[in-house]
Each structure stands twice: as C-alpha cells, then as structure tokens.
Amino acid sequence: MLATACAAALTAVAGCSSDSSKNDDDKQAKGAAGASATPSGSSAGSSANPSANSSANPSGSSAASGGAPSGTPRTGSPPARSAPAGSAPAGSAPARSAPAGSPPPAPPSGSIPVGPGPQPSYAVQQQPAAGSCHYRFTPAKEPLPDPACTPGATNPKVTQATLKTTICRSGYTAGIRPPTSVTSRQKTANAAAYGYKGPLGDAEYSHLIGLQLGGDPNDARNLWVVPPSPARKEAKGPGNAKDVVETQLKNAVCSGKADLVKAQQAVARDWTTALDVLGVPGKAAKGGTASLSDEDG
C-alpha cells in the first residue's frame, strides 16, 4: 500500500530526487545520441562542436535564435553594390585623365592653343628653362620666336562674334593687360630661356599674338622677349615693327576685311609676312619706334 501510494504521489507531483535524476539522465542520454547523429557545424549540435559553430557564426549563434547576422540582407533581396568612388556608370568607358604635371595636349594641326583668358588678377607664370629656347631670324634679320617655346595662345573671350565688345572696342586691351609687377619678373626669366644677353630695356616682352588681335594676356606660350628690330632707331626704346603690323591687321579684322582666326595664325607663323598672306595693304614700319601703348602687343 505504501509503495502504491508513493508511486501515485510521485506521478502527481514532480518530486522524489531519485526519479527526477533518472529522468534527467534519460534526457541527457537522448540528447547526446541526437548530437552524435547531427552533422558537425549545424546549429542544432552547437554544444557538440563549439569550435566549428563559432567559426561559422562568430557573432554568437544568431541563426539558432531566428535572427540574421548583423549586415546580412533580408531573404530574397540581393545585396546592394556601390561603385567605387570616381568610377564611371555601368556600361560607360572609364574616363582617362592626364598624369599630374604633364603638358597640355597638343592642339589640332594648324590651330593655336587657347589660353585661360583675362583674369581678375594675374600671377607670375613659369617660363621655359634657361637656354631651352632659340630665336629664329628672317632674311632681313627680324626676330621670330621658337615655336616649341612660344607657339602663341588666344584669348577665349575674343571670337568673330564678340569683336565689337572686345578688340574692336577702344580701350579693351588696357583693361586686360597684366601689370608690370608680374610681367617684369616673367621677362627676366624668359630672357634667360631665350639666352638674350642684351640690355632688357632694349628688348620688348611681347605677346606673339597681340592683345589687339585676341592674344591671351598672360599665357606663357604667348609671351617672349623680342630683341630690338635691326631697323630700330637708336635711343627710342624697344618698339618693334611687329606692333605696327598687328595694328594694321586689327583694323582689317574690325572692318571685315580679314578673318580673325586667319590673322592670328598668320602672325603666330611669321609676323613679317602676315600682311601679304592675308592680302592686307600696308607694310611693316621701318625702324619701329612705337612705344608700348594700350593697343600694342
């Protein structure tokens, strides 16, 4: 009777340490058997293979708790991909940039480089290396620049469509001319580049394409130290016949008798033949004595 009563009491109330220990042992035995049957690395057998489970899910078995690891996209949505900074859009060719410090690309054959144009303030521009430029001379001993150092450069503000508001307007060049505080330093360095040994006061730091013909004001490619003209009168300063030629060309351009671009190209190639090339009446002044005015190069 006592045994029957005790069995009934144990069935109704979880007690009796001997029986509960037995049940726990049975459960552990069953769990061990299940763990040995589960493949290594599965979430169900994490206690059987902790090292494999931790390497597969270092954040701490979030798969077993039902949540996705931090940063994992939701089921069914592909992970978003962002293009590297500066990359071109899909399907487009990658942009190519010139290496830092490389020279500007050469202009198309027959054209002239385009400069930055007039600036609110001008900075001293780097000149070619000393001794790297060489004068050329016409049969009449008039100086011409080295095309590798001084090919000329145009002012982008001056076009055939803007003539009336730029070079054909009186006083335009005075408003865009760099100050002598800038050009005097450039002149000294440019004289060294061309190997000019004479007095700087007798040489003109001149725009190859004059301002009055739409030349760039301070592009180093458009400025060079011009030795005195062989016909220059003594004690009259650095005036050159080139200035007079450019004034005649500008007048022809503003009156519609000459094309702006063709005039620029003719002067850049050889200012001594520019009038003949364009069929503009006139000739270079003998012993150019013109001082550097607002309309000079």
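Cys168 is partly exposed, with a relative accessible area of 29%. Partly exposed here means between the cut-offs for buried (under 20% relative accessible area) and exposed (over 50%), using a 1.4 Å probe and protein chains only. Cys254 is also partly exposed, at 32%. A disulfide joins Cys168 to Cys254.

This is a predicted model, in which local features need pLDDT of at least 70, side-chain atom pairs count only at pLDDT 80 or more, and totals for chains, interfaces and linings use all residues. Residues are numbered from 1 along each chain as its sequence is written, and side-chain values use heavy atoms, with hydrogens and water left out.

## Confidence

pLDDT is the predictor's confidence in each residue, from 0 to 100. The protein chain has a mean pLDDT of 71. Of its residues, 55% reach 70 or more. Helix 6 has the highest confidence, at 98. Helix 4 (residues 62-65) has the lowest, at a mean of 38. Helices (H or I, at least four residues) and strands (E, at least two) are DSSP runs, numbered from the N terminus.

Two stretches call for caution. Over residues 1-109, pLDDT stays under 50, and the model has 28 contacts beyond four places in sequence for them. Over residues 285-296, pLDDT again stays under 50, with 31 such contacts. A contact means heavy atoms within 4.5 Å.

## Disulfides

The structure holds 2 disulfides. A disulfide is counted when two cysteine sulfur atoms lie within 2.5 Å. In sequence order, the bonded cysteines of the protein chain pair 1-2, 3-4.

The torsion about the S-S bond of Cys168 and Cys254 is about -95°, so the disulfide is left-handed.

The torsion about the S-S bond of Cys133 and Cys149 is about -100°, so that disulfide is left-handed. Cys133 sits in the loop between helix 4 and strand 1 (136-137), and Cys149 in the loop between strand 2 (143-144) and helix 5 (172-176). The two cysteines are 16 residues apart. Cys133 and Cys149 are buried.

## Aromatic pairs

The structure holds 4 aromatic pairs. Rings of Phe, Tyr and Trp (its six-membered ring) pair if their centres lie within 6.5 Å; planes under 30 degrees apart count as stacked, over 60 as edge-to-face and the rest as tilted. Tyr135 and Phe137 form a tilted pair, 6.1 Å centre to centre with 50° between the planes. Tyr135 is buried, with a relative accessible area of 18%. Phe137 counts as partly exposed, at 48%. Ring pairs link Tyr135, Phe137, Tyr194 and Trp224 into a cluster.

Glu142 is found in the loop between strand 1 and strand 2. Glu142 is buried, with a relative accessible area of 12%. Its side chain joins that of Ser229 through a polar contact of 3.1 Å. A polar contact is a pair of N or O atoms within 3.5 Å; within protein, one must be able to donate a hydrogen and the other to accept it, and residues adjacent in sequence count only if both atoms are side-chain atoms. Leaving aside residues up to four places away in sequence, Glu142 touches residues including Arg136, Phe137, Pro230 and Trp271.

Thr183 has its place in helix 6 (residues 180-194). Thr183 is buried, with a relative accessible area of 16%. Not counting residues up to four places away in sequence, Thr183 touches Pro178 and Tyr205.

Tyr205 belongs to strand 3 (residues 204-207), which is covered on both faces. Glu204 and Ser206 on one side are buried, as are Tyr205 and His207 on the other. Strand 3 pairs with strand 4 (residues 223-226) in the antiparallel sense over 4 bridges. Two strands pair if DSSP finds at least two bridges between them. Glu204 stands opposite Val226 in strand 4.

In helix 8 (residues 260-270), the buried residues include Leu260, Ala263, Val267 and Asp270. The buried residues of helix 8 pack against strand 2, helix 7 and helix 9 (274-278). At the start of helix 8, a side-chain oxygen of Asp259 comes within 3.1 Å of the backbone nitrogen of Val261.
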